[in-house]
There are 4 protein chains.
Amino acid sequence: MTLALDKQELSDYLHEIFPPIRGDFAVERLEDMYVEMRLMVSDRHLRPGGTVSGPSMFALADVSVYAIILAMVGKKALAVTTNCSFDFMNKPAAGKDLIAKCTLLKLGRVLAVGDVLIYSEGEDSPVARSSMTYSIPQKPA
Amino acid sequence: MTLALDKQELSDYLHEIFPPIRGDFAVERLEDMYVEMRLMVSDRHLRPGGTVSGPSMFALADVSVYAIILAMVGKKALAVTTNCSFDFMNKPAAGKDLIAKCTLLKLGRVLAVGDVLIYSEGEDSPVARSSMTYSIPQKPA
Amino acid sequence: MTLALDKQELSDYLHEIFPPIRGDFAVERLEDMYVEMRLMVSDRHLRPGGTVSGPSMFALADVSVYAIILAMVGKKALAVTTNCSFDFMNKPAAGKDLIAKCTLLKLGRVLAVGDVLIYSEGEDSPVARSSMTYSIPQKPA
Amino acid sequence: MTLALDKQELSDYLHEIFPPIRGDFAVERLEDMYVEMRLMVSDRHLRPGGTVSGPSMFALADVSVYAIILAMVGKKALAVTTNCSFDFMNKPAAGKDLIAKCTLLKLGRVLAVGDVLIYSEGEDSPVARSSMTYSIPQKPA
């Protein structure tokens, strides 16, 4: 398969369908079945102790898998998350953005599965790993 | 085991350690190894389409398991989430709060595991299921 | 919804499509959206140390969710597991069968989700928890 | 960190502690924090339809994560699986061995997390993805 959207088209479309994304997430890199997304960490993403909260990491993984599906299948703003698993492995570094490296492992007719490793920018060890399954709505007959 | 905190003590302590919780979450019911938490749904919990967002449901499940661990072991604000799984099964009903029914399945010396079913208030079918593992920090020797 | 198969029909059909099941698994109880399955533990289910192996517990959870889907939708031997999560919480008791208590949380047109608690027979605390998603093949047009 | 065991030592030790492994699994490649394991597929690993069964894939993922932990920490046959997630994405090819490519993402004092992609030998798309958490027993004081 090949990309249906390029990096700029993907970025514009994400901003169009999810206005709150602007200011939170940015597409860093886009390849066939692979995307890197940045979470621009600000105070509202933190939890007591100063590290990035679980829900913010969940949002980053979720938007990353959604973005790579969109980039592959084009402008169909309809896929929904049906399942996710998450391993939280290390505390994110304070004061650094998070970078999600997301590989689309499967892009089927009905289900898509993405795998995500999340890093504090510039660090070698991942802070979290996630996989997400999206259900792709079937066209009515 | 028996509860270390009652419902009021748990609620007060959650507000003390996580001030942002006030206005978002409320302890509805507390029993041995079991808690029900309410997410008071407002605009900031919604995603395009008007239903509650994935990150908001994640936050609800996470705070529920954290709350029942606290209620069982007392005021030790230290457990951290190490793993979660989530099944998103139905779209939350618009304009209704979410209720998490959380059972603590295991409370070990090192790990605790909670299972959560999330409902739109008053509905019979769950909108989501989650399990969360917390690691309980060991006392230094 | 109501059951499409009763306990005897379900048991017979499982034996017909999965002959190896005979001698390993038995349907203990069947209700609307709920089944209990027994793993008749023998030497081949054990791992070093004498407790039931992970793969044997996986097989028990998997066959339980498969069985309750069959019981609800009838003889369509086609659903496939697409996802599972597992929490192993306690060591199974030596010399006891395992009982899986399986609730079908969702039975959709495309996906079904079951939740399973596994107990050593007669014990109060579960040894494991699992959720399984099955994909239900769509009829060709 | 560096490897505590080399490929031959790891292979010998796995055979010593899990005699049934001989004939089922083989260490194909071992690097720092990374192992490849082969499941030598035979009739007892198949399910109706002729593809490799879920429990056999579970066993392959589980032994892979166990093996890389052993290779890193040395001969301590004690770690136990506490959690796993699995995505089954494609049907394994008939008549081919399975190869698990396993990366140890975290090796902490208490928990270790491994990520596994499973392939039919020689194929490009993975048939399954799994992550496994092991708990590493603490020395008594």
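View 1. Helices (DSSP runs of H or I, at least four residues) and strands (runs of E, at least two) are numbered from the N terminus. The axes of helix H2 (residues 54-73) of chain C and helix H2 (residues 54-73) of chain D come within 9 Å and cross at roughly 145°, where axes are lines fitted to C-alpha atoms over the stretch in contact and angles run from 0 to 180 degrees between N-to-C directions.

**View 2. The residues that meet at this crossing.**

**View 3. The axis relating chains A and B.** Chain B can be laid on chain A with an RMSD of 0.0 Å by a turn of 180° and a shift of 0.0 Å along the axis, after least-squares superposition on the C-alpha atoms of residues with pLDDT of at least 70 in both. That is the relation of a two-fold axis. Of the residues of chain B, B:Ser85 comes closest to the rotation axis, at 2.1 Å (C-alpha).

**View 4. The elements of chain A.** Chain A has 2 helices and 6 strands, which run α-β-β-α-β-β-β-β from the N terminus on.

**Notes.** Residues are numbered from 1 along each chain as its sequence is written, while chains are lettered from A and ligands numbered from 1 in the order in which they are written. Because the model is predicted, local features need pLDDT of at least 70 and side-chain atom pairs count only at pLDDT 80 or more, whereas totals for chains, interfaces and linings use all residues.
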